[in-house]
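Open your viewer and keep the selection tool at hand. This tour goes stop by stop.

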Amino acid sequence: MMRRCWQSTLPLAQRSWQRSLPQAQFRTMVTEAPTEELDDFEREYLKQRIQISPFQRMLLGAGSSIAALLDPRRHDMIACLGETTGENALWNILDSMQSSEEGRRILAEKPRINTQTIDFKRLEALPPDTFGATYAKFLKDNQVTPDTRMEVRFLDDPKLAYLMTRYRECHDLVHTVLNMPTNMLGEVAVKWVEALNTGLPMCYGGAVFGAVRLRPKQRREYLKRYLPWAIENGKQMKPLMPVYWEQRWEQSVHELRAELGIKVLQ
């Protein structure tokens, strides 16, 4: 089976000449990868991946964008939109993660975030000002669970599929560190931050079209406070995808925000 090669599996000397190639040319290079060289996530993903043609990808992207616009509650359509339009942004995210020691560990270990992998009883028992305790409280207060994220299906490269999976599973962690609720205003603000931080087209779409659906009073609050705050944070904060959140549970949430360059909305 032909797949895109993953940059981090190549020697540094080989990667140096690849950097001199046009980006589009390098990213369409393919190689045979023996099954035994793939990790558990990659092997499992390739079993359940749905292969689509470029034309089918275009149709899915257009159709899912219209469906998501008409009904923002269609999380399946939003997920499909992210996969069919986000490949270039995911390559850029991969670059940023490979340039970070913390990001490289995430790529190597491929941690998952759900109730099977995270000990939430332990997080609840941590001091209140820790990131872990703040995250557990966020989930409880907003009545959400990390188990509801849809599986990735339409990306060709299993490495990119993991990055999209990671993005989805970290969404509530971003809400937590930004101190944003899951109401419409909070979701639109977080989408702006994620859009500017990751470059994912889906996030820009959610930010723009989500704002259109705000009620008049919400829209005034959004334009006056939430939008300027989200844009400022999105531009100044460090990349969030290379953050190994699971190893930050015991860190003070205030210190973590300062480290990442995040200012909480006042």
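Which residues does UniProt list for "binding site"? The unreviewed entry gives His-171, Asp-172, His-175 and Glu-187. Select these four. They span 17 residues in sequence, yet no two of their C-alpha atoms are more than 10.2 Å apart, so they gather at one spot. From this set, His-171 is part of the lining of the largest cavity. Keep in mind that you are looking at a predicted model.

**Stop 1: Asp-172**

Select Asp-172. Helix H11, residues 171-178, holds Asp-172. Is Asp-172 buried or exposed? Asp-172 has a relative accessible area of 5%. The cut-off for buried is under 20%, so Asp-172 counts as buried. Now show what surrounds Asp-172. Beyond residues up to four places away in sequence, Asp-172 touches Tyr-135, Phe-138, Leu-139, Val-144, Thr-145 and Arg-149.

**Stop 2: His-175**

Stay in helix H11 and select His-175. His-175 is buried, at 0% relative accessibility. Leaving out neighbours within four places in sequence, the contacts of His-175 include Phe-138, Met-180, Pro-181 and Val-190. Glu-187 is also in contact with His-175.

**Stop 3: Glu-187**

Move to helix H12, residues 184-198, and select Glu-187. Glu-187 is partly exposed, with 23% relative accessibility. What joins the side chains of Glu-187 and His-175? It is a polar contact of 3.2 Å. Setting aside neighbours within four places in sequence, Glu-187 is in contact with His-171, His-175, Pro-181 and Thr-182.

**Stop 4: the rings**

Turn to the aromatic side chains. How many aromatic pairs are there? The count is seven. Select Phe-131 and Trp-249: this pair is stacked, 5.7 Å centre to centre, with 15° between the planes. Phe-131 is in helix H9 (residues 131-142), while Trp-249 is in the loop between helix H14 (216-236) and helix H15 (253-260). The two are 118 residues apart. Both are buried.

Tyr-135 lies in helix H9 and Trp-249 in the loop between H14 and H15, so the pair ties together parts 114 residues apart in sequence. Tyr-135 is buried at 0% relative accessibility, and Trp-249 is buried at 6%. Now widen the selection: ring pairs link Phe-120, Phe-131, Tyr-135, Trp-245 and Trp-249 into a cluster.

**Last stop: Lys-110**

Select Lys-110 and Tyr-162. The charged end of Lys-110 sits over the ring of Tyr-162, 5.7 Å from the ring centre.

Key. Residues numbered from 1 in each chain as written. Predicted model: local features only at pLDDT ≥ 70, side-chain atom pairs only at ≥ 80, totals over all residues. Heavy atoms only, no water. UniProt positions renumbered as here; feature names shortened; annotations may be inferred. 1 Å grid on protein atoms, 1.4 Å probe; cavity = no way out; pocket = protein on both sides within 12 Å on 5 of 7 lines; lining within 4 Å. Helix = DSSP H or I, 4+ residues; strand = E, 2+ residues; numbered from the N terminus. Buried < 20%, exposed > 50% of the residue type's maximum accessible area, 1.4 Å probe, protein only. Contact = heavy atoms within 4.5 Å. Polar contact = N/O pair within 3.5 Å; in protein donor to acceptor, adjacent residues only side chain to side chain. Phe/Tyr/Trp six-rings, centres within 6.5 Å; stacked < 30°, edge-to-face > 60°. Lys NZ or Arg CZ within 6 Å of the ring centre and 35° of its normal.
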